[in-house]
2 protein chains.
Amino acid sequence: MDNSGGFTEPHRHGACGHHVPGDDCRFCSIRRLSVCSALDQDELSFLEGMAGDSVFEEKSTLFREEDESISVYNVTSGVIRLVRSLPDGRRQITGFALPGDFLGLALQKQWKFSAEAVTDVKACRFKRSTFDDFSEQKPHLMKRMHEFATHELSLAQDHMVLLGRLTAEEKIASFLVLMKRRWTRVEGHELGLIRLPMGRQDIADYLGLTIETVSRVINQMQRDRKLVIVPDGIRFIDAAYFEQHAIA
Amino acid sequence: MDNSGGFTEPHRHGACGHHVPGDDCRFCSIRRLSVCSALDQDELSFLEGMAGDSVFEEKSTLFREEDESISVYNVTSGVIRLVRSLPDGRRQITGFALPGDFLGLALQKQWKFSAEAVTDVKACRFKRSTFDDFSEQKPHLMKRMHEFATHELSLAQDHMVLLGRLTAEEKIASFLVLMKRRWTRVEGHELGLIRLPMGRQDIADYLGLTIETVSRVINQMQRDRKLVIVPDGIRFIDAAYFEQHAIA
DNA sequence: GCGCTACTTTGATTTGCATCAATGCCGTCG
DNA sequence: CGACGGCATTGATGCAAATCAAAGTAGCGC
């Protein structure tokens, strides 16, 4: 499959990601998904005033696990992998951040994971100290961040079940169903295509498998006519099969 | 090893768990560890007024994943396993709750996991709606709960690395080091003994292994003189070995 | 004390996935 | 164009942990 740059920006009305005169948060296409949805117009304007705009190109690193977290981010477009690495090079991807996701929920100075741009990425950037002060003043924003955190926690528990107890086939099926759900939410409507902007190695590191196993299982599914591999992702043929085998 | 009931209650000054006249939160031995440490004297008194006292005996179920979460809990003594189950009986234990831990961080009506008492358990119980209203009024309590949630999230990420990328030996070593750290924190001082009130099956379900593998690895470590198995837990002989092999 | 029950340990064997090793497939750039 | 570099795929083999199968141990009630 081809992953090299073939991922086109799905947000054309995005504004949060463009803090240039004329653009503003009111037209941000992912606001409904983001922490910002907790804010009223005045608060949004205030927050917009302290927002910066970040662009990261494919394969670049937003931050490393050992870095101090000076900024927090609201992803507006693109995909980011969140990585925990072991000293000997083993990696576990703990999640993929999609548009609407927030990086920096933890109120700590240090990141606990690395963030690497899988595609070109745009994000609203806030100075951590400023954002923290603001959320300290706005209980409903703090509450919204807490909701985000507990939602993440629930996803993390799903992920633990997947890593600890599913077979390779179940892991792949669950991953594909999850990606389908997440893209549908981001894009606001269902696409036949399930976008897989990340490479096979990233999928393997997310699922606790090797790249060879990921490749074998997906290609076997194609041979069994459960799905077709297409540029930039896959397409379900036998959706019922996936509903059956995906867990969580 | 014997796990049947051999776990003695470590908190003798506990008060949060005993809302009878004369006892109160001021003497709660795990308050420093709990969400309550965010509260001042007045708030503590108010919260105490709305607290109930729960006792669960060994092997009993606090709640199931499908249950509505009517109450939230502050564990004051004992150990609870947090379980996600699959339809076919496979289980993943996502964590063990120890004294000071809070159950009910999520602001949702439904639990996403079951909680089962590994030992006899005592907990402060609060009506969810009342507790939520209170935390809505008290930004520093909300903030404290958010800190708890993001800390849990970080632990969950450690757990994902363990499940996805560690060998059986590394999983066991990491688990034992984690339990040592957690008990030391709860008890306020280091014990030679690392308490393992949970059975081998629970350890296996926490680590994504089978009971046979857990038993084999621990017994091999004993044969290799890395540790000794004692009633209610284990004792490190070669602490350096564990520092070496434990990850996260 | 004896037998029951629940849990743990140990051994033999199997197996799912990893590892090792090519080969294939593009896209890119000299 | 043709060679190169970076994935992805495919095949052969190995091995860590699962599974299958007993046997051991300890607490408990009678």
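## Salt bridges between the chains

Between chain A and chain B there are eight salt bridges, each one a side-chain nitrogen of Lys or Arg within 4 Å of a carboxyl oxygen of Asp or Glu. One example joins Arg84(A) to Asp158(B), with the closest N and O atoms 2.4 Å apart.

This is a predicted model, where local features need pLDDT of at least 70, side-chain atom pairs count only at pLDDT 80 or more, and totals for chains, interfaces and linings use all residues. Residues are numbered from 1 along each chain as its sequence is written, chains are lettered from A in the order in which they are written, and side-chain values use heavy atoms, leaving out hydrogens and water.

## Where the chains meet

Let's look at the contact itself. In chain A, 40 residues are in contact (heavy atoms within 4.5 Å) with 40 residues of chain B. About 3700 Å² is buried between chain A and chain B, and carbon and sulfur atoms give 63% of that area. Buried area here is the accessible area (1.4 Å probe) that two parts lose on being put together, summed over both. On the chain A side, His146(A), Met160(A) and Arg165(A) lose the most area to chain B, together 21% of what that side buries.

## Aromatic rings

Over all chains, the structure holds 26 aromatic pairs. Rings of Phe, Tyr and Trp (its six-membered ring) pair if their centres lie within 6.5 Å; planes under 30 degrees apart count as stacked, over 60 as edge-to-face and the rest as tilted. The pair of Phe126(A) and Phe131(A) is tilted, because the planes stand at 45°, with ring centres 5.2 Å apart.
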